[in-house]
Amino acid sequence: MLLIECPHCGPRAETEYAGCSEAHIARPESGGLDMTDAEWVEWVFWRKNTKGVYLERWNHAAGCRRWINCMRDTVTNEILATYKAGEKPPKIADAEREYKF
Amino acid sequence: MSQKFRLESGGLINRDKPVTFSFNGHELKGYDGDTLASALIANGVHLVGRSFKYHRPRGIMSAGPEEANALLQLGEGAYTEPNARATMEELFDGLVATTSNAFPTVKYDIGEVNSLFSKIFVSGFYYKTFMWPSKAWKFYEHFIRKAAGIGKAPEEHDPDFYDKTNAFCDVLVVGGGPAGLSAALSAAATGAHVTLVDDQPRFGGSLMAQSGQEIDGKPALEWVDEAEAKLHDLDNVQVLRRATAFAYYDHNYVGIWERLTDHLPVKPEGLPRHRVHMMRAKQVIIASGAIERPLVFCDNDRPGIMLASACRTYVNRFGAKPGNKGVIFTNNDSAYATVLDLIDAGIEIKAVVDVRKDPLGPLMEKADAAGVKILTNSAVVGTSGRLHLKSVEVAELSDDGETAKSDVTEIACDFLGSSGGWNPTVHLHCQAGGKLDFDEERGAFVPAPSNRTNPNISVGSCKGAFGLADCLAQGFEAGQEAAKAAGIKFRKSGKAPTAEAVDEGNRRLLWLVPGKKPLGQSGKHFIDLQNDSTAADLQLALREGYRSIEHVKRYTTTGMATDQGKTANVNALAIVAQTLNEAIPTVGTTTYRPPYVPVTFGAIAGRDIDDLLDPARTTPMHSWHVNAGAEFEDVGQWKRAWYFPQPGEDMHAAVNREVAAMRNSVGILDATTLGKIDVKGKDAAEFLNRVYTNAWTKLGIGKCRYGLMLGEDGMVMDDGVTSRIAEDHFLMTTTTGNAAPVLGHLEDYLQTEWTDLEVYLTSVTEQWATASIAGPNARALLSELTDDIDLSNEALPFMAWTPGTVAGIPARVFRISFTGDLSYEIAVPADYGLALWQALMTAGSKYDITPYGTETMHVLRAEKGFIIVGQDTDGSITPVDLNMNWIVSKKKGDFIGKRSLDREDMSDPNRKQLVGILTDDPKEVLPEGAQLVEVVKDKPPMDMVGWVSSSYWSPNCDRSIAMALVHGGLKKMGQKLYSPQADGRVIECTITDTVFYDKEGNRQNG
């Protein structure tokens, strides 16, 4: 079970969180009204499935109920950083790692 | 027969405390400090069970958790436990053990007939044989399961209780042998919080099985006792005995299974049987030792054939003789320690059969000097003895070791100890994602440095350091290193304990010992005793094209079940590598998975059983419903009254009565469970505009509006009525089961997308209790209980709400309706819920007020064609599909789901659409979920055009009614559809609109 550092509460067990897919997928300001069907479908449905370091969101559902961002290696489950929603991912030396499928 | 195989002295047993136990109905004696296995051996009992597939007689083969044969049924009645490893069960007065897999007795087992057909019971036998005809599997399965079952599960409720605890420490040390103790001492000396766990009742690990070892100049076990006393006195150290670290999960989360009462003849009250410690450790030191590897030779499974180290353990730790005259079969020097100790104990060693051509090693030299007969470059090529080993056949090996010479010598003996070297116990390291390196010299996989996710250090023999001096030194160093890594400031912590370094000698890795005939032609080379899988099975799997070791493992079931790589896997993959002519590391290992040993379900569940597993949510009126005899249904975690049967009524009769009563006079429903979210802030209206499909800014204070909530994909996600409390304040309701997801959905947008909006959300579901009264007499009833609310149609019209007092209770009265009748939902602070309900029931008695449950509510709403999200929608249904275009604002700019509704696919006229369905026979009620077709064929498959989502008998319409999602259904009004049933009948029906009752809506508006 992962131990995830909530930037608001501190380290908490994974069971307090709900996992929420890829981070930094901002909703278009227009609500997509100026986008083609293809562009919109891409935004709604398509997410990365990185084998390596992945930026993802977690909701601290059984805690402060806030959404946080997390930088996690999906192969080793190493968590390189967590940071608040709206913040940019911190620069970390070997955060670019990606593995071959 | 009384402990004929007990040595006169020696062993860590308490001879002053004799213990009586029973095995297969025979009363036997042992001593306190025995395991069940050691007591059986002291009584000369080796035959303990029958093998899984061939029902071959099997005996105790080990002295530890790796035991594959002695899996016994313990205890009786509700306390019975299957598949207990006799080697791990401490003996106590009154222990009852029986053989599991034999009928009628372990000596005469009918299943042994399987051995005669062993040629056909090869790997994949079941898959190959029982595939055809596919329907007959159900018939075969009954007999196969019965034949293969090893233990019996208890049939009664478990009378014991179990605990689970969350725990934390700086340094967790797994294993209380020399390496683990050394590590715990050095880590503890730094001031770190240390937890030391060991699966045995006492510390010492392998030292308990050895003789003559010294640490720091003292007898080793004396050093162990001092170390234990020292750790015991330290406040920063927690010591757990009879505790197995069984699982290593991510971020150093280790499951520890502690057994508190299993070894006690009388179980103390109030003490849990087992306790699982879920330990989050900053650093882990793994000192889990090594397990001896058996040699794979022909007919290596007879009772009396054991691991060499097990023979030594029984003699040194338990004072029990594995037999009177033995043969030791080895490929390395360590087995000679067993030889020397057994000779010391007065046991005759007929010969040591050593596969090495030129054996080297200090222990071998000692044995040689003591005059032990050593047969070099030789192998055991066969064994005999049906229920117990009688003799072994020995032959010289060819140069390459692949065949044995034909000149065979028979040696009479009653036990054989075999040693093929040692497998470091790398299970936890691997569960933690650690990689393995292959030690070519020792033929062993050893841990590589751990990954960063799960920082741990392996020390001692689980790291491949088999000498005592190395174990102590590595443990000491790791203790310091781990404490430092855990952030403990370095303090001087003394010196490492020392012991004499010993030369390990040489080895000859002979993975598959040849027999007299080629493999598979005579006798069996067992690899996994528990699963009865043999070297021939592995080779067959390879011949059939299996290559991945993971596939070979599954196909042959090698190393499955409780073995988990303890004795079988390295032999198996070495033989696979040899057959494929590949290097062992190239073949690779299979995955080590938790648990390391079988853990009881009770321990895993802990207190999370019955009501505590899934807590029930009940409304303030729940006790009333119970007293009224209501049947309940689960909606999420809520217990909702389902229907209120009167004496003699079934659900159908009760619902018919409730439905009619509501339409004729007045009914009352507990609507407390609906999700309620308080929406506050200056941008609340704008926020609702964005999350619902319709417009909210112009909704007046005191007014209510129905809303549909979509996901970004345009699909219906939830619905409910929202009321405006003030300019900046709304109360939203959600469906009962969706309250939490909806709140999450809304929070997500507020926190991450529309951070400029000033809106605050609070869940108030549990703060309000709601009674809904509906029917033509609802207004008359309510007027009797309030004098400050004007209930006239003008003052409180449909879709309006007002604060006021009902039955003396401050209340919010909403004139909203899910029944299509005149209806008021009265919400009061939750504590007043029962009082409100009782007041309504009392005042309503003159109107024959009828409480109704969710089933009646479903019928009533279906009569009006109101949807239930999740029943009439399935995550692929848009408002347009529901024929609810009216609720989708065309004027508003953006809202969640809007863009998706404009996608080309969404306007496909052939999408599934919600329509009403009337059966041609009005008495026929379609089953919900029934498929609908336009053309009936003789048999499936037929082209399905939709399915029934809601279907009921409607007393008010005096006929059945249904709703269905049908391709292009809205354009097919009046068209015939057919619903073929499982029993072959075809129900004919017609597409209609979804409103079946009071189409003009006069009843709810009046």
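In this predicted model, A:Glu56 and A:Arg72 are joined by a salt bridge whose closest N and O atoms lie 2.7 Å apart. The two partners belong to distant parts of the chain, 16 residues apart: A:Glu56 sits in strand 4 (residues 53–59) of chain A, and A:Arg72 in strand 5 (residues 67–73) of chain A. Over all chains, the structure holds 54 salt bridges.

Read from the N terminus, the elements of chain A follow the order β-β-β-α-β-β-β. Along the principal axes, the C-alpha atoms of chain A occupy a box of roughly 40 × 35 × 25 Å.

From chain A itself the description passes to its contact with chain B. Chain A contributes 30 residues to this contact and chain B contributes 29 residues. Between them, the chains bury an area of about 2,400 Å², and carbon and sulfur atoms account for 47% of that area. Three residues, A:Met1, A:Arg27 and A:Arg65, supply 29% of the area that chain A buries against chain B, more than any other three residues.

Six salt bridges are counted between chain A and chain B. One salt bridge is formed by the side chains of A:Arg57 and B:Asp748, with an N to O distance of 2.8 Å. On the side of chain A that touches chain B, helix 1 (residues 37–45) of chain A gives the most, with six residues. By class, that side of chain A comprises 16 nonpolar, six polar and eight charged residues.

Within chain B, several pairs of helices pack against one another. Two packed helices are described by the angle between their axes and the distance between the axes. Helix 7 (residues 308–316) of chain B packs against helix 8 of chain B at an angle of about 35°, the axes being 9 Å apart. The crossing of helix 7 of chain B with helix 8 of chain B is left-handed. Helix 7 of chain B brings B:Ala308, B:Ser309, B:Cys311, B:Arg312, B:Val315 and B:Asn316 to the contact, while helix 8 of chain B brings B:Ala335, B:Ala337, B:Thr338, B:Asp341 and B:Leu342. These residues fall into six nonpolar, three polar and two charged.

Helix 8 (residues 335–344) of chain B also meets helix 9 (residues 362–369) of chain B; their axes come within 8 Å and cross at roughly 35°. Here too, the handedness of the crossing is left-handed. From helix 8 of chain B, the residues B:Tyr336, B:Ala337, B:Val339 and B:Leu340 touch B:Leu363, B:Met364, B:Lys366 and B:Ala367 of helix 9 of chain B. Seven of the residues in this contact are nonpolar, none is polar and one is charged. B:Ala337 takes part in the contact with helix 7 of chain B and in the contact with helix 9 of chain B.

A further packed pair consists of helix 5 (residues 178–189) of chain B and helix 11 (residues 468–485) of chain B, whose axes come within 7 Å and cross at roughly 35°. This crossing is right-handed. On helix 5 of chain B, the contact involves B:Pro178, B:Ala179, B:Ser182, B:Ala183, B:Ser186 and B:Ala187; on helix 11 of chain B, it involves B:Leu468, B:Cys471, B:Leu472, B:Gly475, B:Phe476, B:Gly479, B:Gln480 and B:Ala483. The contact of helix 5 with helix 11 of chain B has nine nonpolar, five polar and no charged residues.

The peptide bond from B:Pro594 to B:Pro595 is cis, with omega near -5°, and B:Pro595 is placed in the loop between helix 15 (584–587) and helix 16 (601–605) of chain B. Another cis peptide bond links B:Pro940 and B:Pro941, with omega about 0°. B:Pro941 is found in the loop between strand 45 (931–933) and strand 46 (944–954) of chain B. Finally, B:Asp216, a residue other than glycine, has a positive phi near 50°. B:Asp216 lies in the loop between strand 10 (214–215) and strand 11 (218–219) of chain B.

Methods: Residues numbered from 1 in each chain as written. Chains lettered and ligands numbered in written order. Predicted model: local features only at pLDDT ≥ 70, side-chain atom pairs only at ≥ 80, totals over all residues. Heavy atoms only, no water. Axes fitted to C-alpha atoms, helices over the stretch in contact; angles between N-to-C directions. Helix = DSSP H or I, 4+ residues; strand = E, 2+ residues; numbered from the N terminus. Left-handed = near helix turned anticlockwise from the far one by under 90°. Contact = heavy atoms within 4.5 Å. Nonpolar A, V, L, I, M, F, W, Y, C, P; charged D, E, K, R; others polar. Buried area = accessible area lost by both parts, 1.4 Å probe. Salt bridge = Lys/Arg side-chain N within 4 Å of Asp/Glu carboxyl O.
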